[in-house]
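Morning, everyone. Please have the sequence and the model open side by side.

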Amino acid sequence: MIPRYIVDFDLQALPRMKTDVAVIGAGIAGLYTALQTSEFADVVLISKKGLDDSNTRWAQGGIAAVTAKSDSPALHRQDTLIAGAGLSSFSAVEVLVHEGPDRLKELIAYGTEFDRDEQGRYELTQEGAHSKRRILHANGDATGAEIVRALSARVKEQPNIHVLEHHFAIDVITQDGESVGVIVQKPGGELFFLEAKATVLATGGAGQLYRYTTNPDIATADGIGIAYRAGARIKDVEFIQFHPTALYYPGAPRFLISEAVRGEGAILRNSNGERFMEKYHPQKELAPRDIVARAIVSEMEQTNASFVYLDITHESEELIKHRFPTIYNFCLQYGLDMVTDWIPVAPACHYIMGGVQTDLHGETSTKRLFACGEASCTGVHGANRLASNSLSEAVVFGHRISERIKELPELPVIHALSVTSERREPRRFNTRQQRIKLQKLMLRHVSVKRHEKGLTKALAELERMEQYYHFQNDEKEAFEFLNLLNAAVLTTKAALMREESRGGHYRIDFPNKDDLIWRKHLIQAMNEGVQEESDQDDVE
């Protein structure tokens with residue numbers, strides 16, 4: 001059983017720090033929200049690694065927003081809703097497509113330098129399931145790194161943003177159903193209480209649920225774990241996006257080969273050298289990611305291979321090196337030349353569509369607790385995220401969070417709170433070993449293709465692992481594992497319940513989409529169990 005708090009503490013005895021707003025996470029969502037909020041409040045920004053370590057830094061493709069005269073918010077909305085497979089919130093998508101262009105201008109004002117053509121116009125590319133070229137990018141295929149560079153530099157300039165690097169946010173403290181602050185661990189292991197009028201979870205994704213992922217080591221579902229234990233609702237976590245094209249090569253990590261490579265003309269070939277996507281979808285290589293990922297897995301199964309090939313050798317050397325310098329140079333380290341070689345690729349965990357449920361101002365069901373970026377579930381992505389909408393969502397809802405925080409009343413008096421778990425055992429466990437075990441379970445049974453028998457087995461194993469909540473945990477790696485375990489249990493439960501296939505959730509035993517029964521959301525909360533929510537706002 002998952003406990004309310006994963007550490008013991010006496011709130012009155014802990015050292016205390018006070019701020020207006022606590023922002024947890026230093027990706028685009030955390031940095032941008034901190035900057036927006038710092039215009040009227042004092043902010044403490046908590047980063048569990050350095051300020052430049054985040055999922056955002058690894059984002060290659062770009063940021064989606066309507067800037068071209070040939071494009072429109074209506075077209076962007078249509079593409080997003082189609083990709084979302086009937087579960088996207090119409091009102092959330094409306095917010096995204098209409099407010100995205102203004103937030104993009106703010107990113108530029110903060111110093112982000114997107115690529116321009118020789119006439120000085122922003123270069124736009126197209127990615128899977130987009131009907132128009134609307135993706136802005138930076139340094140070819142290093143958009144995330146450029147955004148983090150610009151926002152980090154601006155954050156460091158702000159006198160009322162206090163950055164705590166190499167600090168770990170363990171749990172949100174709640175009182176009468178609202179957040180009043182965070183228990184934080186310093187680099188040396190000491191705990192302190194950060195009192196805050198509002199807390200923003202911008203902790204990124206959950207890629208480390210799986211053995212193979214495009215995410216860095218820090219993507220350990222911390223926001224989902226913290227929010228769930230604080231009583232907030234977790235929504236749609238069965239929908240996991242597996243990026244179709246991660247590098248698959250001996251000795252190399254599962255490095256992301258951006259969707260934009262296919263957007264610029266790359267084609268997929270199976271191990272026999274045959275192009276195959278026309279068999280699966282009329283948009284071929286530019287079909288939605290879930291369709292492309294399943295098609296690749298099917299081809300791998302049919303040809304008894306561990307990968308397929310991505311072929312862009314028919315494009316010019318100039319285009320490849322200019323547009324994809326990061327990918328080109330990374331592959332070259334392993335003797336693969338994109339100009340002349342087909343690149344071996346296979347699907348890997350990339351993004352979680354679900355997360356901490358929020359309203360249109362980023363607030364969770366636990367008052368004063370907000371979620372932003374991949375940690376959140378705003379309703380934009382539905383069952384499958386449209387490529388490059390993630391960075392847009394982070395800034396659009398980060399801005400809305402800052403507007404809502406302006407309206408919050410002052411904190412009430414915080415009561416004494418002491419947590420001592422008599423069941424906590426003075427024993428430790430091998431965190432790395434258990435993390436790998438969890439990742440292998442998820443990869444084997446809760447991956448691109450799922451079925452009842454495997455999901456049931458995985459859930460039983462995961463629930464047995466809940467014993468580790470009651471060990472004496474005091475290290476960051478243990479807390480990360482417990483957050484992953486929390487998310488794994490919620491994801492597997494939801495995947496087992498949803499007896500259909502839709503977007504990033506595919507059941508071999510229920511291969512069809514079932515709008516009559518399953519056009520609804522699964523929401524899980526600590527004190528409410530699992531609830532089903534039908535939303536008239538969902539539009540296909």
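A quick definition before we start. A cavity here is a set of grid points where a 1.4 Å probe fits but cannot get out, and its lining residues have an atom within 4 Å of a point. Keep in mind that this is a predicted model.

So, how many cavities of 30 Å³ or more does a search of the whole structure find? Four.

Take the largest cavity. Its space comes to about 60 Å³. Find the lining on your screens: Ile240, Phe242, Asp290, Ala293, Arg294, Ser447, Val448, Gly503 and Gly504. Two elements each give at least two of the lining residues: β12, residues 240-247, and α7, residues 289-303. Which of them supplies the largest share? That is α7, with three residues. Sort the lining by class and you get four nonpolar, three polar and two charged residues.

Next, the second largest cavity. Its volume is about 50 Å³.

Now look at Arg502. It sits in the loop between α13 and α14, the latter being residues 515-518. Is Arg502 buried or exposed? Buried, because its relative accessibility is 2% and the cut-off for buried is under 20%. One polar atom of the Arg502 side chain lies 2.7 Å from the backbone oxygen of Ala85. Beyond its neighbours within four places in sequence, Arg502 is in contact with Ala85, Gly86 and Leu87, among others. Also among its contacts are Phe239, Ala383, Asp514 and Trp518.

On to packing. In soluble globular proteins, nonpolar side chains tend to be buried together. Here, the largest nonpolar core has 74 residues. Which members touch the most others? Phe9, Ile183, Leu209, Leu438 and Leu462. Helix α13, residues 476-497, gives this core its largest share, 10 residues.

Zoom in on Leu462. Setting aside neighbours within four places in sequence, Leu462 is in contact with Leu438, Leu441, Met442, Leu485, Ala488, Val489 and Thr492.

Last item. There is a second, separate core of 37 residues, with Leu31, Ile63, Leu104 and Ile147 among them.

Methods
Residues are numbered from 1 along each chain as its sequence is written. This is a predicted model: local features need pLDDT of at least 70, side-chain atom pairs count only at pLDDT 80 or more; totals for chains, interfaces and linings use all residues. Side-chain values use heavy atoms; hydrogens and water are left out. On a 1 Å grid over the protein atoms alone, a cavity is a set of points where a 1.4 Å probe fits but cannot get out, and a pocket is an open set with protein on both sides within 12 Å along at least five of seven lines; lining residues have an atom within 4 Å of a point. Grid points are joined across faces, edges and corners, and a volume is the space filled by probe spheres set on the points. Helices (H or I, at least four residues) and strands (E, at least two) are DSSP runs, numbered from the N terminus. Ala, Val, Leu, Ile, Met, Phe, Trp, Tyr, Cys and Pro count as nonpolar, Asp, Glu, Lys and Arg as charged, and the others, Gly among them, as polar. A nonpolar core is a set of buried Ala, Val, Leu, Ile, Met, Phe, Trp, Tyr and Cys residues joined through side-chain atoms within 4.5 Å. Buried means under 20% relative accessible area, exposed over 50%, partly exposed in between (1.4 Å probe, protein chains only). Contact means heavy atoms within 4.5 Å. A polar contact is a pair of N or O atoms within 3.5 Å; within protein, one must be able to donate a hydrogen and the other to accept it, and residues adjacent in sequence count only if both atoms are side-chain atoms.
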